[in-house]
Amino acid sequence: MKTTKKLAILAAAGGLLLSANAAMADDIVIGMATAQSGWMQAYDAPARESALIRIDEINAAGGLLGRQISVVEADTKTDRAEGARAGLEVLDGGADMVVVSCDYDFGAPAALAAQAAGKISFFLCAESIKAGIQGVGPFSFSASVLAAVQGATMAEWAYEKKNVRSFYVLLDTWIEYNKGICDGFDWMAPSLADAEVVGRDTFVNDDASVAAQITRIRNLDPQPDAIMLCSVMPGAASVIKQLRAAGITSMILNGSAVDGSYWLDSVPGLDNFYVPVQGSIYGDDPNPAVTAFNEAYAERTGAGPSTQYTYPGYVLIDVWAKAVERAGTLDSAAVVAELEKMVDEPTLFGPRTFNSEIHHQNRGRYLISEVSGGAPHIVDEWTISEPIPLEALLK
Amino acid sequence: MTAVLQILFDALAVGSIYALGALGIALIFGVMRLVNFAHGDYIAFCVFAMLVPSTDVVAIVLIGKLPAILLIPIILLIGAVISVLSEMLVFRHLRNANPATMMICSFALGFVIQHVLLMFYSSRPKAINLWSNLSLPVEIFGARIPLLQLLTIIITFVILVALMWFLKRTRYGLEMRAAAEDFTMARMLGVRANRVIMTAFAVSGLLAASIGLILATQTGVADIRMGMPIMLVAFVATVIGGLGSLPGAVICGLLIGAASVLLQVFLPLDARPFRDAFLYSAVILCLLWRPDGIFAPRSAKQRV
Amino acid sequence: MKQPQSVLAKTISTPVILIALLVVIAILTALFGSGSFARTVTEIFIRVAFVVGLYIFIGNSGVISFGHAGFMCIGAYAAAWFTVPPMMKKVLLPGLPEIVSNAQLPFLGSLVLSSFLAALVALLVGLIMMRLAGIAASIATFAFLAVINTVYANWESVTAATSSVVGIPMVTGVWTSLFGASAAILIAYFYSISRWGLALRAARDEDIAASASGVDIYRQRLISFVISAFVCGMSGVLYAHYLGVVNPDAFYLGITFISLSMFVVGGMSSLSGAVLGVVIISAIIQILRWFEKGIDIGGLTLELPNGIQEIAIGVVMIVILVFRPAGLLGKREVLLKGWPFKRRTAD
């Protein structure tokens, strides 16, 4: 009992010691409440790094509104409650804008804290419509493109460019992102004349085997032209391996989440596999500035970007700084108003549009990356023919 | 006919992994009433042992590149060693603790293993390519199944037979069965407790390692959480099989795998995401039907 | 001749001390703590409420339950159903019945109603599952959790499936959660000294003797299951109003195991153990986190690498259990008489 009390007092006293990194008094402060440990860390860290690259660039060019930008950080430990605390901590540290964890579920608590404090928040790379007005509030934005756009992009591109007429949909019900891809696909598919969805099935990411699902596909005659797989790692690699092992050679489409070559050793010699990406990490981006960015990133971190999710971090600082510059103030409402005026605002990784209804991209230019012979490369570029309406996104 | 055979193979392929897991859990439970929640983490540990510790995204495969004849014994050994080590470092000191305490300790141990892996390898799943020609499909009476799944099924049965032989025909096995029946009595009759328990842990670790090898080959991915779902199903299978009954655990592991495949095949699309809800409801019904387990040995009857 | 003291008089100091401890922590936090520290304390209090809920069932019946996070889930989602603005609900949760989707209850109303919903579910599943004993019951509770999780993670129109439900008013602060934790402690205390609590503990320790003395074990287990589900449901409501976002994943294995660990480390058969287990383990976690961030001690900055905290807390729990297999308090309760510890006569 005595020790407990001591601990409690110690704990309370410790609270006093807490002080965020001292920033210079007239600096603009960006708060980063992202995961520095736990399993989200692998996804947050690269995007955070590229955000820092853009901040350094701005500082080197004389800063923003004539002031330097400094950064305060807090670790969300891949925990929702800890995320809310991290959000408060960076706000206590004087953050004028808060960057939150990549995933909507893990970033939302910090974003809500920012919203409550009247500050703008940006998700590093969340791809759910909720990462914005619909799930946080009018001061919240996401730097990435909606998952639904990825599904719709793959459907339309495969139909137009690869002459795909029969699709099979295989949905991993594990997380919301997967459903977002398939929802986008389902929104697009009916508008593709004489294309048909010949079957559907579901699995869960950590299923030890998808033998039954594979048998269902194999029983189809003829085999589908393309399989729309809506999944993420590690399940996606496992399913792709099992599909190919079972002798299914149909084209496989997925969302951006499986970009990168790090997992391709799982399925040596993989062919006929396509994903949409915002920029190429493979050095063959049509825009040479992207390749230059990759080199700058490699210089800073010791290795090039491992997936396209490195890029939105750069984009978010970029668009936010532009809006601040145009507003001439850090006042949240004024900056939001400027952000909402952006229509196809060019960035290094595709155009960005925000308006008073959607703080996210319901349409976006995507590069199409193909894996053939076990090696990924960019083969095409696609923008869906019309933006996905809000009603379809909210369903 | 072919369709039925295909379903049977699919069911066996899923079920045999669960069966191997259940066997590992049941062995330990038999000798010391410990539900070892760290078992799933042994599986992940064995898989990650094939890679060079690094938080880089691209995995560097080290001992995973060795020829099978070396790789398999090394990984099995690693499984046995980590399992025995956890016995010596943790569970040995808890012999007289109640089952809940031991269970929580095993969970804490698993938590530690998981976070050590996280620290050394980062959380991003890593690619491992083992014996890719095992992924080629073979055809049996018109049903096509990847060679690896066939091997998994065969390996499971070989391990089962070997284990049965070990338990029935060797002195260690006899001691282990005696200890599983009545530990105190067995000790009084000259069974050396530590040796029996260590053997059980070693065998259980071997089983975890073999699941790790099978999973790594099948999925091509090393993920820190990969052992968890198998461990949970194995745990359930052990209980509905009848705690202390090894064949019961194995059969129920197979049954759960088969049930999950059958549900996947026969449920309508809208209900398929709820597959696991049906599966676990069936588990509850099964428990109500036979609270002591389907194959409960007479000695396992529990009070309260 | 002296009248023997009543159980109440002999043991009432236990909940009083426990609540006083929490009040002290709350006051210190209010006086000295930063905003984010207040959040930490709030979360600890919510956890106290949950673990005390576990104690009501596990501590008194001796049956380990893996399922109570399911009740937390039910409570938290019910809170969302009752308090999210109707406009949002109609869009995001179109499957809700009219009467629920039109409603927007105040916090207290949602707290009571949602906790009752959790208790009601417990009554229904308990009617079936409480026939089981020992490890079979434990597995059944785990299966229950898996079913709840699968349903909530896939029932698109009512729970928004894996998508988070947002728009829950964030009203749980230090004082609200203190109220919740204190209420949980009082419910647990009065239950455990009641006729029901005594009967169930008798059945836990000597089932055959208890049966022979007329204790209906099934009925007693069911009662404690329902009460504990009520308390766990309440902690779920507090959690929902604390974070403002609910997601099925937050109420699955992670919280189950960490809460059970705190409970067992504290001492499974003791209310004080449940409370102190949470407070002590949480305090250690918090201190380790400060070390991860770097602490200045006399000009020296001590900084642990990120991720050490989880490893250390696992090791600490193992060490505590190796040295105190029955948990820090075992079966004892903190009492004012016979300070510091005395075996509780009511046991």
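Pro234(A) lies in the loop between strand E8 and helix H9 (235–245) of chain A, where helices (H or I, at least four residues) and strands (E, at least two) are DSSP runs numbered from the N terminus. A cis peptide bond joins Met233(A) and Pro234(A), with omega about 0°. This is a predicted model, in which local features need pLDDT of at least 70 and side-chain atom pairs count only at pLDDT 80 or more, while totals for chains, interfaces and linings use all residues. Residues are numbered from 1 along each chain as its sequence is written, chains are lettered from A in the order in which they are written, and side-chain values use heavy atoms, with hydrogens and water left out.

| Feature | Value | Location in chain A |
|---|---|---|
| Cis peptide bond, Asp221(A) and Pro222(A) | omega about 0° | Pro222(A): loop between helix H8 (211–218) and strand E8 (226–230) |
| Positive phi, Asn163(A), not a glycine | phi about 60° | Asn163(A): loop between helix H6 (147–161) and strand E6 (166–172) |

Chain C meets chain B through 46 residues of chain C and 40 residues of chain B, contact meaning heavy atoms within 4.5 Å. Between them the two chains bury about 3700 Å², 86% of it on carbon and sulfur atoms; buried area is the accessible area (1.4 Å probe) that two parts lose on being put together, summed over both. Ile135(C), Ile139(C) and Phe257(C) supply 17% of the area that chain C buries against chain B, more than any other three residues.

The helices of chain C that each give at least two residues to this side include H7 (107–129), H8 (134–152) and H14 (253–266). H8(C) provides the largest share, 12 residues. By class, the side of chain C that touches chain B has 35 nonpolar, 7 polar and 4 charged residues; Ala, Val, Leu, Ile, Met, Phe, Trp, Tyr, Cys and Pro count as nonpolar, Asp, Glu, Lys and Arg as charged, and the others, Gly among them, as polar. There are 0 salt bridges between chain C and chain B, a salt bridge being a side-chain nitrogen of Lys or Arg within 4 Å of a carboxyl oxygen of Asp or Glu.

Within chain C, the axes of helix H10 (residues 174–193) and helix H13 (residues 217–243) come within 10 Å and cross at roughly 175°; axes are lines fitted to C-alpha atoms, for helices over the stretch in contact, and angles run from 0 to 180 degrees between N-to-C directions. H10(C) is therefore roughly antiparallel to H13(C), a term for angles over 145 degrees. The contact of H10(C) with H13(C) has 10 nonpolar, 4 polar and no charged residues.

Technical notes. Parallel < 35°, antiparallel > 145°, perpendicular 65-115°, else oblique.
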